[in-house]
Amino acid sequence: MKRTVYADNNATTKVDERVVEEMLPYLSEYYGNPSSMHLFGGQVEKKLAEARERVATMLNAEPTEIVFTSCGTESDNMAIHSALMSAPEKRHIITTKVEHPAILNYCKHLSKRGYGVTFLSVDRQGMLDLNELYDSIGDETAIVSIMYANNETGVIFPIDEIGKIVKEKGSVFHTDAVQAAGKIPLDLQKSDTIDFLALSGHKFHAPKGVGILYVRRGTKFRPLLIGGHQERGRRPGTENTASIIAIGKAAELAQASLHDELTRVKAMRDRLEQELLARIPDSVVNGHPTLRTPNTLNISFKYVEGEAILLMLSEQGIAASSGSACTSGSLEPSHVLRAMGVPFTYSHGSLRLSLSRFNTEADIDDIIEKLPPIIQRLREISPFGREKEEPK
Ligand SMILES: *Cc1c(COP(=O)(O)O)cnc(C)c1O
(Lines give C-alpha, C1' and ligand atoms only; values in the text may rest on other atoms or scores of the structure.)
Protein backbone atom coordinates (compact mmCIF):
# COMPACT_ATOMS: atom_id res chain seq x y z
CA MET A 1 0.00 0.00 0.00
CA LYS A 2 1.03 3.54 -0.77
CA ARG A 3 2.40 5.51 2.17
CA THR A 4 -0.27 7.78 3.63
CA VAL A 5 -0.07 10.79 5.92
CA TYR A 6 -3.04 11.69 8.09
CA ALA A 7 -2.94 15.40 8.92
CA ASP A 8 -6.64 15.99 9.56
CA ASN A 9 -6.82 15.32 13.29
CA ASN A 10 -9.08 18.29 14.03
CA ALA A 11 -11.76 16.53 11.94
CA THR A 12 -11.33 13.20 13.68
CA THR A 13 -8.57 11.05 15.16
CA LYS A 14 -7.43 7.46 14.96
CA VAL A 15 -8.80 5.37 17.83
CA ASP A 16 -5.82 4.41 20.00
CA GLU A 17 -5.31 0.61 19.99
CA ARG A 18 -5.23 0.59 23.78
CA VAL A 19 -8.68 2.21 23.71
CA VAL A 20 -10.00 -0.47 21.33
CA GLU A 21 -8.59 -3.19 23.57
CA GLU A 22 -10.28 -1.67 26.62
CA MET A 23 -13.72 -1.37 25.01
CA LEU A 24 -13.93 -4.63 23.01
CA PRO A 25 -15.01 -6.95 25.87
CA TYR A 26 -17.94 -4.61 26.50
CA LEU A 27 -19.22 -5.24 22.98
CA SER A 28 -19.08 -9.01 23.42
CA GLU A 29 -18.64 -10.72 26.77
CA TYR A 30 -19.96 -7.99 29.07
CA TYR A 31 -23.22 -6.95 27.46
CA GLY A 32 -25.25 -6.28 30.59
CA ASN A 33 -27.33 -3.18 31.15
CA PRO A 34 -25.54 -1.22 33.88
CA SER A 35 -28.91 -0.46 35.51
CA SER A 36 -29.68 -4.17 36.03
CA MET A 37 -29.47 -5.45 39.60
CA HIS A 38 -27.83 -8.77 38.64
CA LEU A 39 -24.20 -9.64 38.08
CA PHE A 40 -24.33 -8.85 34.34
CA GLY A 41 -25.25 -5.29 35.18
CA GLY A 42 -22.84 -4.95 38.09
CA GLN A 43 -19.75 -5.79 36.03
CA VAL A 44 -20.52 -3.02 33.57
CA GLU A 45 -21.59 -0.52 36.23
CA LYS A 46 -18.21 -0.77 37.94
CA LYS A 47 -16.40 -0.15 34.68
CA LEU A 48 -18.57 2.91 33.90
CA ALA A 49 -17.69 4.36 37.30
CA GLU A 50 -14.02 3.86 36.48
CA ALA A 51 -14.46 5.67 33.14
CA ARG A 52 -16.18 8.57 34.89
CA GLU A 53 -13.29 8.79 37.36
CA ARG A 54 -10.73 8.80 34.56
CA VAL A 55 -12.49 11.66 32.79
CA ALA A 56 -12.84 13.56 36.07
CA THR A 57 -9.10 13.13 36.69
CA MET A 58 -8.24 14.49 33.25
CA LEU A 59 -10.36 17.59 33.98
CA ASN A 60 -9.48 17.85 37.69
CA ALA A 61 -13.20 17.65 38.40
CA GLU A 62 -15.55 15.47 40.47
CA PRO A 63 -16.94 12.26 38.90
CA THR A 64 -20.47 13.50 39.67
CA GLU A 65 -19.82 16.53 37.47
CA ILE A 66 -19.30 14.34 34.37
CA VAL A 67 -22.24 13.54 32.06
CA PHE A 68 -21.75 11.16 29.14
CA THR A 69 -23.49 12.14 25.91
CA SER A 70 -23.58 10.98 22.29
CA CYS A 71 -21.21 13.61 20.84
CA GLY A 72 -19.73 17.07 21.18
CA THR A 73 -22.71 18.56 19.37
CA GLU A 74 -25.13 17.13 21.92
CA SER A 75 -23.01 18.43 24.81
CA ASP A 76 -22.91 21.93 23.30
CA ASN A 77 -26.66 21.98 22.64
CA MET A 78 -27.33 20.59 26.13
CA ALA A 79 -25.40 23.34 27.90
CA ILE A 80 -27.23 26.15 26.11
CA HIS A 81 -30.61 24.44 26.39
CA SER A 82 -30.06 23.88 30.11
CA ALA A 83 -29.21 27.51 30.80
CA LEU A 84 -32.22 28.77 28.83
CA MET A 85 -34.65 26.37 30.52
CA SER A 86 -33.23 27.11 33.99
CA ALA A 87 -33.84 30.85 33.60
CA PRO A 88 -36.79 31.20 31.20
CA GLU A 89 -37.04 34.95 31.82
CA LYS A 90 -33.58 35.49 30.31
CA ARG A 91 -33.76 35.53 26.52
CA HIS A 92 -30.24 36.60 25.49
CA ILE A 93 -27.22 34.48 24.51
CA ILE A 94 -23.66 35.57 23.77
CA THR A 95 -21.32 33.58 21.56
CA THR A 96 -18.70 34.30 18.88
CA LYS A 97 -18.65 34.37 15.09
CA VAL A 98 -16.01 31.65 14.96
CA GLU A 99 -17.73 28.82 16.86
CA HIS A 100 -18.25 25.32 15.52
CA PRO A 101 -21.69 24.78 13.88
CA ALA A 102 -22.72 22.84 17.03
CA ILE A 103 -22.94 26.22 18.77
CA LEU A 104 -23.25 28.65 15.87
CA ASN A 105 -26.19 26.99 14.14
CA TYR A 106 -28.00 26.26 17.41
CA CYS A 107 -27.72 29.96 18.29
CA LYS A 108 -28.94 30.96 14.82
CA HIS A 109 -31.86 28.58 15.30
CA LEU A 110 -32.65 30.20 18.66
CA SER A 111 -32.47 33.68 17.18
CA LYS A 112 -35.28 32.67 14.80
CA ARG A 113 -37.27 31.52 17.83
CA GLY A 114 -37.26 34.93 19.52
CA TYR A 115 -34.02 34.81 21.47
CA GLY A 116 -31.53 37.66 21.20
CA VAL A 117 -28.07 36.46 20.20
CA THR A 118 -24.84 38.47 20.21
CA PHE A 119 -22.14 37.06 17.94
CA LEU A 120 -18.84 38.57 19.08
CA SER A 121 -16.29 39.58 16.43
CA VAL A 122 -12.66 38.57 16.26
CA ASP A 123 -9.64 40.49 14.99
CA ARG A 124 -7.19 39.56 12.24
CA GLN A 125 -5.45 37.09 14.57
CA GLY A 126 -8.74 35.47 15.53
CA MET A 127 -8.81 37.09 18.99
CA LEU A 128 -11.82 38.49 20.87
CA ASP A 129 -12.20 42.00 22.20
CA LEU A 130 -12.89 41.43 25.90
CA ASN A 131 -14.32 44.95 26.29
CA GLU A 132 -16.93 44.06 23.68
CA LEU A 133 -17.72 40.94 25.70
CA TYR A 134 -18.00 42.95 28.93
CA ASP A 135 -20.34 45.48 27.35
CA SER A 136 -22.55 42.81 25.77
CA ILE A 137 -23.47 40.98 28.98
CA GLY A 138 -26.68 42.22 30.57
CA ASP A 139 -29.19 41.04 33.18
CA GLU A 140 -31.11 39.25 30.45
CA THR A 141 -28.06 37.21 29.34
CA ALA A 142 -28.81 33.56 30.12
CA ILE A 143 -25.47 32.14 28.97
CA VAL A 144 -22.16 33.06 27.41
CA SER A 145 -20.81 30.29 25.17
CA ILE A 146 -17.23 30.79 23.97
CA MET A 147 -15.02 28.05 22.60
CA TYR A 148 -11.74 27.11 24.28
CA ALA A 149 -9.79 26.48 21.06
CA ASN A 150 -10.82 26.97 17.45
CA ASN A 151 -11.11 23.88 15.25
CA GLU A 152 -9.99 25.67 12.08
CA THR A 153 -7.12 27.84 13.29
CA GLY A 154 -6.26 26.38 16.70
CA VAL A 155 -6.54 29.86 18.26
CA ILE A 156 -6.91 29.55 22.05
CA PHE A 157 -9.17 32.05 23.79
CA PRO A 158 -8.21 33.39 27.26
CA ILE A 159 -10.88 31.28 28.96
CA ASP A 160 -10.04 32.24 32.55
CA GLU A 161 -10.15 35.96 31.78
CA ILE A 162 -13.42 35.48 29.87
CA GLY A 163 -14.86 33.47 32.76
CA LYS A 164 -14.02 36.20 35.25
CA ILE A 165 -15.89 38.76 33.16
CA VAL A 166 -18.91 36.45 32.80
CA LYS A 167 -19.02 35.83 36.56
CA GLU A 168 -18.56 39.49 37.42
CA LYS A 169 -21.64 40.15 35.31
CA GLY A 170 -23.52 37.25 36.90
CA SER A 171 -24.12 35.04 33.85
CA VAL A 172 -23.54 31.34 33.14
CA PHE A 173 -20.40 30.29 31.25
CA HIS A 174 -20.13 27.40 28.78
CA THR A 175 -17.03 26.55 26.79
CA ASP A 176 -16.75 24.19 23.83
CA ALA A 177 -13.42 22.56 24.68
CA VAL A 178 -13.63 19.84 22.03
CA GLN A 179 -10.40 21.03 20.38
CA ALA A 180 -8.60 21.59 23.67
CA ALA A 181 -8.80 18.06 25.09
CA GLY A 182 -5.48 16.26 24.94
CA LYS A 183 -3.75 19.32 23.45
CA ILE A 184 -3.58 21.78 26.33
CA PRO A 185 -4.04 21.28 30.10
CA LEU A 186 -7.63 21.50 31.36
CA ASP A 187 -8.15 22.10 35.08
CA LEU A 188 -11.67 22.77 36.29
CA GLN A 189 -10.54 23.45 39.86
CA LYS A 190 -8.27 26.21 38.61
CA SER A 191 -10.68 27.41 35.90
CA ASP A 192 -13.42 27.79 38.48
CA THR A 193 -15.59 30.15 36.41
CA ILE A 194 -16.55 27.46 33.88
CA ASP A 195 -20.07 26.13 34.51
CA PHE A 196 -20.34 23.85 31.47
CA LEU A 197 -17.61 22.35 29.25
CA ALA A 198 -18.10 20.11 26.20
CA LEU A 199 -15.76 17.39 24.90
CA SER A 200 -16.00 14.85 22.07
CA GLY A 201 -14.39 11.41 22.15
CA HIS A 202 -13.40 11.15 18.50
CA LYS A 203 -11.25 14.29 18.71
CA PHE A 204 -8.93 12.64 21.23
CA HIS A 205 -8.49 9.06 20.05
CA ALA A 206 -11.77 7.53 21.31
CA PRO A 207 -14.49 6.36 18.89
CA LYS A 208 -17.11 8.57 17.25
CA GLY A 209 -20.50 8.87 18.91
CA VAL A 210 -19.53 9.59 22.50
CA GLY A 211 -19.14 12.94 24.21
CA ILE A 212 -18.89 14.55 27.62
CA LEU A 213 -20.60 17.47 29.25
CA TYR A 214 -18.97 18.76 32.42
CA VAL A 215 -21.57 20.37 34.70
CA ARG A 216 -20.13 22.21 37.70
CA ARG A 217 -21.63 21.16 41.00
CA GLY A 218 -24.39 23.60 41.97
CA THR A 219 -25.12 24.67 38.38
CA LYS A 220 -28.84 24.62 37.63
CA PHE A 221 -29.56 21.88 35.14
CA ARG A 222 -32.44 21.01 32.82
CA PRO A 223 -32.01 17.97 30.55
CA LEU A 224 -32.44 17.95 26.78
CA LEU A 225 -33.82 14.39 26.69
CA ILE A 226 -36.56 13.30 29.07
CA GLY A 227 -36.63 9.66 30.12
CA GLY A 228 -34.96 7.36 32.61
CA HIS A 229 -32.64 7.97 35.53
CA GLN A 230 -29.35 7.40 33.68
CA GLU A 231 -26.60 9.95 34.29
CA ARG A 232 -28.64 11.09 37.33
CA GLY A 233 -31.47 12.06 35.00
CA ARG A 234 -29.25 14.55 33.22
CA ARG A 235 -28.92 12.41 30.10
CA PRO A 236 -31.45 9.55 29.99
CA GLY A 237 -31.08 6.62 27.62
CA THR A 238 -29.28 3.32 28.24
CA GLU A 239 -25.58 4.07 28.40
CA ASN A 240 -23.34 3.50 25.36
CA THR A 241 -21.22 1.35 27.64
CA ALA A 242 -18.35 0.32 25.34
CA SER A 243 -17.86 3.87 24.07
CA ILE A 244 -17.99 5.38 27.55
CA ILE A 245 -15.35 2.89 28.68
CA ALA A 246 -13.37 3.89 25.59
CA ILE A 247 -13.57 7.62 26.29
CA GLY A 248 -12.44 6.96 29.86
CA LYS A 249 -9.34 5.16 28.60
CA ALA A 250 -8.76 7.87 25.98
CA ALA A 251 -8.93 10.51 28.74
CA GLU A 252 -6.30 8.63 30.75
CA LEU A 253 -4.04 8.36 27.68
CA ALA A 254 -4.60 12.02 26.75
CA GLN A 255 -3.37 13.06 30.15
CA ALA A 256 -0.34 10.79 29.90
CA SER A 257 0.60 12.09 26.44
CA LEU A 258 -0.06 15.78 27.05
CA HIS A 259 3.64 16.49 27.49
CA ASP A 260 4.41 14.80 24.14
CA GLU A 261 1.71 16.93 22.50
CA LEU A 262 3.13 20.15 23.94
CA THR A 263 6.71 19.32 22.95
CA ARG A 264 7.19 16.78 20.12
CA VAL A 265 3.92 17.42 18.28
CA LYS A 266 4.36 21.18 18.64
CA ALA A 267 7.94 20.97 17.33
CA MET A 268 6.70 19.04 14.26
CA ARG A 269 3.97 21.63 13.66
CA ASP A 270 6.46 24.47 14.03
CA ARG A 271 8.89 22.87 11.59
CA LEU A 272 6.10 22.28 9.09
CA GLU A 273 5.03 25.91 9.42
CA GLN A 274 8.52 27.36 9.02
CA GLU A 275 9.42 25.15 6.06
CA LEU A 276 6.19 25.83 4.16
CA LEU A 277 6.44 29.60 4.71
CA ALA A 278 10.05 29.52 3.52
CA ARG A 279 9.40 27.38 0.45
CA ILE A 280 6.11 28.85 -0.77
CA PRO A 281 5.97 32.56 -1.67
CA ASP A 282 2.76 34.49 -0.86
CA SER A 283 1.83 32.22 2.03
CA VAL A 284 0.57 33.35 5.45
CA VAL A 285 -0.39 31.62 8.68
CA ASN A 286 -3.94 32.26 9.88
CA GLY A 287 -4.39 32.68 13.62
CA HIS A 288 -2.53 33.96 16.61
CA PRO A 289 1.27 33.54 16.45
CA THR A 290 1.55 31.95 19.92
CA LEU A 291 -1.93 31.34 21.38
CA ARG A 292 -2.65 28.28 19.27
CA THR A 293 -3.13 24.57 19.94
CA PRO A 294 0.20 22.76 19.43
CA ASN A 295 -1.07 20.51 16.62
CA THR A 296 -2.78 22.95 14.25
CA LEU A 297 -1.48 24.88 11.26
CA ASN A 298 -3.90 26.92 9.15
CA ILE A 299 -2.02 28.39 6.22
CA SER A 300 -3.22 30.31 3.16
CA PHE A 301 -1.65 30.40 -0.29
CA LYS A 302 -2.52 33.35 -2.48
CA TYR A 303 -4.03 32.70 -5.96
CA VAL A 304 -5.01 29.06 -5.39
CA GLU A 305 -8.18 27.17 -4.52
CA GLY A 306 -8.18 25.19 -1.26
CA GLU A 307 -10.29 22.37 -2.68
CA ALA A 308 -7.79 21.85 -5.51
CA ILE A 309 -4.92 21.65 -3.03
CA LEU A 310 -6.81 19.00 -1.05
CA LEU A 311 -7.48 16.86 -4.11
CA MET A 312 -3.89 16.96 -5.27
CA LEU A 313 -2.58 16.24 -1.78
CA SER A 314 -5.03 13.36 -1.47
CA GLU A 315 -3.75 11.87 -4.76
CA GLN A 316 -0.33 11.82 -3.11
CA GLY A 317 -1.64 10.12 0.02
CA ILE A 318 -1.84 13.18 2.25
CA ALA A 319 -5.10 13.93 4.12
CA ALA A 320 -5.74 17.52 5.21
CA SER A 321 -8.67 19.92 5.24
CA SER A 322 -9.61 23.33 3.90
CA GLY A 323 -11.51 24.93 6.75
CA SER A 324 -14.01 22.84 8.66
CA ALA A 325 -15.01 19.36 7.51
CA CYS A 326 -18.66 20.34 7.51
CA THR A 327 -18.26 23.13 4.96
CA SER A 328 -15.73 21.46 2.67
CA GLY A 329 -17.32 20.67 -0.66
CA SER A 330 -18.84 24.14 -0.83
CA LEU A 331 -16.88 26.98 -2.38
CA GLU A 332 -17.80 29.47 0.36
CA PRO A 333 -14.70 30.57 2.22
CA SER A 334 -14.67 29.46 5.84
CA HIS A 335 -16.81 31.51 8.25
CA VAL A 336 -13.86 31.62 10.65
CA LEU A 337 -11.43 33.13 8.13
CA ARG A 338 -14.12 35.53 6.94
CA ALA A 339 -14.73 36.69 10.53
CA MET A 340 -10.98 37.27 10.85
CA GLY A 341 -11.03 39.44 7.76
CA VAL A 342 -8.65 37.27 5.75
CA PRO A 343 -8.68 38.74 2.20
CA PHE A 344 -10.59 36.81 -0.46
CA THR A 345 -7.48 35.90 -2.47
CA TYR A 346 -6.03 34.24 0.62
CA SER A 347 -9.09 32.73 2.31
CA HIS A 348 -9.90 30.69 -0.82
CA GLY A 349 -6.50 29.05 -0.71
CA SER A 350 -6.50 28.01 2.92
CA LEU A 351 -5.29 24.66 4.14
CA ARG A 352 -5.60 23.18 7.61
CA LEU A 353 -2.97 20.65 8.64
CA SER A 354 -3.70 19.14 12.05
CA LEU A 355 -1.35 16.63 13.67
CA SER A 356 -1.62 14.13 16.52
CA ARG A 357 0.70 12.00 18.63
CA PHE A 358 0.60 9.37 15.86
CA ASN A 359 2.36 11.61 13.35
CA THR A 360 6.09 11.24 12.75
CA GLU A 361 8.92 13.41 11.42
CA ALA A 362 8.69 11.37 8.20
CA ASP A 363 5.12 12.62 7.77
CA ILE A 364 6.33 16.20 8.07
CA ASP A 365 9.12 15.55 5.53
CA ASP A 366 6.53 14.13 3.16
CA ILE A 367 4.27 17.19 3.34
CA ILE A 368 7.23 19.58 3.02
CA GLU A 369 8.35 17.72 -0.10
CA LYS A 370 4.97 17.36 -1.82
CA LEU A 371 3.04 20.53 -1.03
CA PRO A 372 5.26 23.25 -2.59
CA PRO A 373 5.20 21.75 -6.12
CA ILE A 374 1.42 21.36 -5.87
CA ILE A 375 0.99 25.05 -5.05
CA GLN A 376 3.37 25.99 -7.86
CA ARG A 377 1.47 23.86 -10.39
CA LEU A 378 -1.90 25.25 -9.28
CA ARG A 379 -0.65 28.80 -9.56
CA GLU A 380 0.45 28.18 -13.14
CA ILE A 381 -3.11 27.22 -14.07
CA SER A 382 -4.87 29.50 -11.55
CA PRO A 383 -8.22 30.93 -12.63
CA PHE A 384 -7.58 33.80 -10.21
CA GLY A 385 -4.50 35.00 -12.04
CA ARG A 386 -2.03 37.32 -10.42
CA GLU A 387 -3.61 40.48 -11.89
CA LYS A 388 -7.13 39.79 -10.72
CA GLU A 389 -8.52 42.36 -8.30
CA GLU A 390 -10.20 41.66 -4.98
CA PRO A 391 -13.98 41.64 -5.57
CA LYS A 392 -15.62 44.69 -4.03
C1 LIG B 1 -15.83 18.30 16.27
C2 LIG B 1 -16.26 19.47 17.05
C3 LIG B 1 -17.54 19.53 17.63
C4 LIG B 1 -18.58 18.47 17.42
O5 LIG B 1 -18.27 17.23 17.99
P6 LIG B 1 -19.05 15.94 17.44
O7 LIG B 1 -18.72 14.87 18.43
O8 LIG B 1 -18.50 15.65 16.08
O9 LIG B 1 -20.50 16.26 17.44
C10 LIG B 1 -17.87 20.64 18.38
N11 LIG B 1 -17.00 21.64 18.56
C12 LIG B 1 -15.77 21.63 18.02
C13 LIG B 1 -14.84 22.77 18.29
C14 LIG B 1 -15.36 20.55 17.25
O15 LIG B 1 -14.14 20.54 16.70
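Colleague: I'm new to this one. In strand 4, which residue is the bridge partner of Ile93?

Modeller: Keep in mind that this is a predicted model. Strand 3 (residues 92–96) runs parallel to strand 4 (residues 116–120), and 5 bridges join the two. Look across from Ile93 into strand 4, and the bridge partner is Val117.

Colleague: And on the strand 5 side, what is the bridge partner of His92?

Modeller: Strand 5 covers residues 141–145 and pairs with strand 3 over 3 bridges, again in the parallel sense. For His92, the partner in strand 5 is Thr141.

Colleague: How many of the residues of strand 3 are buried?

Modeller: His92, Ile94 and Thr96 point one way, while Ile93 and Thr95 point the other way. Residues on both sides are buried. Strand 3 is therefore largely enclosed by the rest of the structure, with the buried count at 5 of the 5.

Colleague: What about Leu27, buried or exposed?

Modeller: Leu27 sits in the loop between helix 1 (17–23) and helix 2 (39–59). Together with Val20 and Leu24, Leu27 forms a nonpolar surface patch of about 260 Å² accessible area. The cut-off for exposed is over 50% relative accessible area. Leu27 has 57% relative accessibility, so it counts as exposed.

Methods
Residues are numbered from 1 along each chain as its sequence is written. This is a predicted model: local features need pLDDT of at least 70, side-chain atom pairs count only at pLDDT 80 or more; totals for chains, interfaces and linings use all residues. Side-chain values use heavy atoms; hydrogens and water are left out. Buried means under 20% relative accessible area, exposed over 50%, partly exposed in between (1.4 Å probe, protein chains only). Helices (H or I, at least four residues) and strands (E, at least two) are DSSP runs, numbered from the N terminus. Two strands pair if DSSP finds at least two bridges between them. Patches are made of residues with over 30% relative accessible area and no salt bridge: like charges are joined within 9 Å, nonpolar side chains (Val, Leu, Ile, Met, Phe, Trp, Tyr) within 5 Å. Accessible areas come from the Shrake-Rupley method with a 1.4 Å probe; for residues, only the protein chains shown count as cover. A salt bridge is a side-chain nitrogen of Lys or Arg within 4 Å of a carboxyl oxygen of Asp or Glu.
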